[in-house]
Amino acid sequence: MDPEASIKFIKYSGLCIEKKRRFFDRIISVFSNSRHNWLWDYKSTEMILKRAGFKGIRACNYHDSSIKAFEIVENADRFKNCLAIEAIK
């Protein structure tokens, strides 16, 4: 499986907001209905975090962080229909 598949898809589909350099790209951006800043899945996020030097990368759930102090600021609503990842640098 290609860990960059979602990155390639979001770029190819025009759903992301990137710095537009060409005139044509700016026109497409103005008239398109795309407002995503980016689209990430676990594989692509893990790849980028590893490149940045993070370790212990894992998908996590509400209240299962290895950092117990994090429970104080966690909000259960933020874990619904989302990808939560813990990584240590």
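Biologist: Which cut-offs separate buried, partly exposed and exposed residues?
Modeller: Relative accessible area decides the class. Buried means under 20% and exposed means over 50%. What falls in between is called partly exposed.

Biologist: Is Tyr 62 buried, partly exposed or exposed in this model?
Modeller: The model is a predicted one. Tyr 62 has a relative accessible area of 36%. Buried needs under 20% and exposed needs over 50%, so Tyr 62 is partly exposed.

Biologist: How many helices and strands does the protein chain have, and in what pattern?
Modeller: The secondary structure comes to three helices and two strands. Read along the sequence, the pattern is α-α-α-β-β.

Biologist: Which residues form the aromatic pair, and what is its geometry?
Modeller: A search of the whole structure finds one aromatic pair. The pair consists of Tyr 62 and Phe 79, with 5.7 Å centre to centre and 65° between the planes. An angle over 60 degrees counts as edge-to-face, so the class of this pair is edge-to-face.

Biologist: How many residues apart in sequence are the parts that the pair ties together?
Modeller: Tyr 62 lies in the loop between β1 (55-59) and β2 (85-88), and Phe 79 lies in the loop between β1 and β2 as well. The pair therefore ties together parts whose separation in sequence is 17 residues.

Biologist: Is Phe 79 buried or partly exposed?
Modeller: The relative accessibility of Phe 79 is 21%. The limit for buried is under 20%, so Phe 79 counts as partly exposed.

Biologist: Which residues other than glycine have a positive phi, and where are they?
Modeller: Most residues other than glycine have a negative phi. His 63 has a positive phi of about 60°, and Asn 81 has a positive phi near 55°. His 63 is found in the loop between β1 and β2, and Asn 81 lies in the loop between β1 and β2.

Biologist: Is Asn 81 buried or exposed?
Modeller: The relative accessible area of Asn 81 is 84%. The cut-off for exposed is over 50%, so Asn 81 is exposed.

Biologist: What is the area of the nonpolar surface patch that includes Ile 67?
Modeller: Ile 67 sits in the loop between β1 and β2 and counts as partly exposed at 45% relative accessibility. With Phe 70, Ile 72 and Val 73, Ile 67 makes a nonpolar surface patch of about 420 Å².

Biologist: What share of the protein chain's residues is buried?
Modeller: The accessible surface of the protein chain comes to about 7,100 Å². The protein chain has 89 residues, and the share that counts as buried is 18%.

Technical notes:
Residues numbered from 1 in each chain as written. Predicted model: local features only at pLDDT ≥ 70, side-chain atom pairs only at ≥ 80, totals over all residues. Heavy atoms only, no water. Phe/Tyr/Trp six-rings, centres within 6.5 Å; stacked < 30°, edge-to-face > 60°. Helix = DSSP H or I, 4+ residues; strand = E, 2+ residues; numbered from the N terminus. Buried < 20%, exposed > 50% of the residue type's maximum accessible area, 1.4 Å probe, protein only. Patch = residues over 30% accessible without salt bridge, like charges linked within 9 Å, V, L, I, M, F, W, Y side chains within 5 Å. Areas by Shrake-Rupley, 256 points an atom, 1.4 Å probe, with all protein chains shown as cover. Salt bridge = Lys/Arg side-chain N within 4 Å of Asp/Glu carboxyl O.
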